Amino acid sequence: KQMNKIKNGWLSQARKVISPHFDERPDVEDISLLVIHYISLPPEQFGGGYVDNFFQGKLDPTIHPYFEEIYQFRVSAHCLIERNGKVTQYVSFSDRAWHAGLSCFEGRDKCNDFAIGIELEGSNEQPFTAEQYQALAELTRDIMQAYPKITLDRIVGHCDISPGRKIDPGQYFEWERYLALVKKGLDEK
């Protein structure tokens with residue numbers, strides 16, 4: 001049996017960049033949903049460390065016109081998976097990250113209360129990388145092991161819980177490929 005890679009809400013193998021944009025969950029035992037997002041800052045550009053800055057509330061509005069629109073937003077996700085598959089964690093899974101916004105899953109509002117949010121560095125214009133699928137599948141299995149209420153049918157896109165408002169993870173996200181990788185790893189355990 002594989003060792004649990006999540007201790008006290010933190011991944012042992014991830015780079016950590018602490019975001020101030022989180023608060024306490026109403027009920028830590030209620031973690032039961034995984035939400036997949038994408039992000040690129042500036043839009044369609046990868047790398048540069050701007051996501052770190054954004055989730056820390058340190059985005060410089062003078063760097064790019066788009067940053068002027070968003071630099072004051074107070075948002076975070078639990079983790080980001082970069083194009084090369086590198087995982088960064090910003091908020092403990094035990095805490096509530098601010099990723100879902102207005103959202104509803106199976107008739108229940110405020111998904112941030114009970115969800116874990118994972119951002120993929122990407123957009124709606126470009127496919128994701130093999131490294132990202134691999135890292136996301138591995139991270140998903142680790143999360144499912146630590147939070148057994150998250151099952152395969154409780155993994156959704158931001159678009160599924162905020163329809164009409166959000167489109168991520170977008171047209172290029174290969175759900176079948178991702179879920180097959182998750183299942184394959186679960187079967188091997």
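This short talk walks through one predicted protein model, from its sheet to its charged pairs, its rings and one serine.

Hi everyone. Some housekeeping before the tour. Residues are numbered from 1 along each chain as its sequence is written, and side-chain values use heavy atoms, with hydrogens and water left out. Since the model is predicted, local features need pLDDT of at least 70 and side-chain atom pairs count only at pLDDT 80 or more, while totals for chains, interfaces and linings use all residues.

Let's begin with the sheet. Helices (H or I, at least four residues) and strands (E, at least two) are DSSP runs, numbered from the N terminus. Two strands pair if DSSP finds at least two bridges between them. Here we have an open sheet of 6 strands in the order β3-β7-β6-β11-β5-β12, and the pairing is mixed. Which strands stand at the edges? They are β3 (15-16) and β12 (155-157); each has a single partner strand, so one side of each is left without a neighbour in the sheet.

As a reminder, strands of a sheet pair through backbone hydrogen bonds, either parallel or antiparallel. Strand β5, residues 33-39, runs parallel to β12, and 3 bridges join them. Along that pairing, valine 35 stands opposite valine 156, and leucine 34 has isoleucine 155 as its bridge partner. β5 also pairs with β11, again in the parallel sense, over 7 bridges. There, tyrosine 38 has leucine 120 as its bridge partner.

Is β5 buried or exposed? Buried means under 20% relative accessible area, exposed means over 50%, and partly exposed is in between (1.4 Å probe, protein chains only). 7 of the 7 residues of β5 are buried, so the strand is largely enclosed by the rest of the structure. In a regular strand the side chains alternate between the two faces of the sheet. In β5, Leu33, Val35, His37 and Ile39 are on one side, Leu34, Ile36 and Tyr38 are on the other, and both faces are covered.

Now for the charged pairs. Side chains of opposite charge can pair when their charged atoms come close. A salt bridge is a side-chain nitrogen of Lys or Arg within 4 Å of a carboxyl oxygen of Asp or Glu. How many salt bridges does the structure hold? There are 9. One of them joins glutamate 138 to lysine 5, with the closest N and O atoms 3.0 Å apart. That pair links distant parts of the chain, 133 residues apart: glutamate 138 sits in helix α3 (residues 130-146), and lysine 5 in the segment before β1 (6-7). Glutamate 138 is partly exposed at 36%, whereas lysine 5 counts as buried at 19%.

Another salt bridge connects aspartate 23 and arginine 96, whose closest N and O atoms are 2.6 Å apart. Aspartate 23 is partly exposed at 27%, and arginine 96 is buried at 17%. There is also a network of salt bridges linking Arg15, Asp52, Glu82 and Lys86.

On to the rings. Rings of Phe, Tyr and Trp (its six-membered ring) pair if their centres lie within 6.5 Å; planes under 30 degrees apart count as stacked, over 60 as edge-to-face and the rest as tilted. A search of the whole structure finds 9 aromatic pairs. In one of them, phenylalanine 55 and tyrosine 90 have ring centres 5.0 Å apart and planes at 85 degrees, so the pair is edge-to-face. Phenylalanine 55 lies in helix α1 (residues 50-55), and tyrosine 90 in the loop between β7 and β8. Phenylalanine 55 is buried at 1%, and tyrosine 90 is buried at 0%. Elsewhere in our tour, Phe128, Tyr133, Phe173, Trp175 and Tyr178 form one aromatic cluster.

Last stop: serine 76, in the loop between α2 (65-70) and β6 (79-81). Serine 76 counts as buried, at 1% relative accessibility. What does serine 76 touch? Contact means heavy atoms within 4.5 Å. Not counting residues up to four places away in sequence, serine 76 touches Ser19, His21, Phe55, Val91, Ala97, Trp98 and His99.
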